[in-house]
Amino acid sequence: SYEGVPVCQDKASQNPLAGYTPKSDILGFSKLDLDLYHIFIFLKFDALGAAEDLYAMGKHSVVPKIDGGEDIITLRGLATQSGRSIAPSFDMFVRYFDQDFDYANSMVKR
């Protein structure tokens, strides 16, 4: 660190996020926007491979595992995980996208 320059620190996870006060630690998930921002930058410079890698592998959104260690949350993982079917509108979107259960991922890959 440089003399006289304050060190950046993450905010406490219990702070409201977009007006919602979470009941659990969502700090790792809240950093997905950094992946989106970097993908936007890559696309501006036609770095399609880098954008696709970041979409698929993630970087900034790290959450602790129950048994220790850490997991990286990826945008592709969110677009394809099986737990999405509990969302009330999921079936409607699957029907709209011709039975494509990974419709969000398919749209990104076009």
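**Entry 1: the pocket**

I started with the largest pocket, which holds about 290 Å³ of space. I am working on a predicted model, in which local features need pLDDT of at least 70, side-chain atom pairs count only at pLDDT 80 or more, and totals for chains, interfaces and linings use all residues. Residues are numbered from 1 along each chain as its sequence is written, and side-chain values use heavy atoms, with hydrogens and water left out.

A note on the term: on a 1 Å grid over the protein atoms alone, a pocket is an open set of points where a 1.4 Å probe fits, with protein on both sides within 12 Å along at least five of seven lines, and a lining residue has an atom within 4 Å of a point. Grid points are joined across faces, edges and corners, and the volume is the space filled by probe spheres set on the points.

Which residues line the largest pocket? I listed Leu-36, Ile-39, Leu-43, Leu-48, Ala-51, Glu-52, Tyr-55, Leu-75, Leu-78, Val-108 and Lys-109. The elements giving two or more residues to this lining are helix H1 (32-44), helix H2 (48-57), helix H3 (75-80) and H5. Helices here are DSSP runs of H or I with at least four residues, strands are E runs of at least two, and both are numbered from the N terminus. H2 gives the largest share of the lining, four residues.

**Entry 2: H1 against H2**

Next I looked up how H1 and H2 pack: the angle is about 165° and their axes are 8 Å apart. The axes are lines fitted to C-alpha atoms, for helices over the stretch in contact, and angles run from 0 to 180 degrees between N-to-C directions. H1 and H2 are therefore roughly antiparallel to each other, a label for angles over 145 degrees. Their crossing is left-handed, meaning that the near helix is turned anticlockwise from the far one by less than a right angle.

Leu-36, one of the lining residues, lies in helix H1. I found it partly exposed, at 48% relative accessibility; buried means under 20% relative accessible area, exposed over 50%, and partly exposed in between (1.4 Å probe, protein chains only).

Most residues other than glycine have a negative phi. Gln-99 counts as partly exposed, at 49% relative accessibility.

Is Arg-84 buried or exposed? Arg-84 counts as buried, at 14% relative accessibility, and is found in the loop between H3 and H4. From Arg-84 to Asp-102 I noted 9.8 Å, C-alpha to C-alpha, for 18 residues apart in sequence.

Tyr-103 lies in helix H5 and is buried, with a relative accessible area of 14%. Val-63, in strand S1 (residues 62-64), counts as buried at 12% relative accessibility.

How values were computed:
Parallel < 35°, antiparallel > 145°, perpendicular 65-115°, else oblique.
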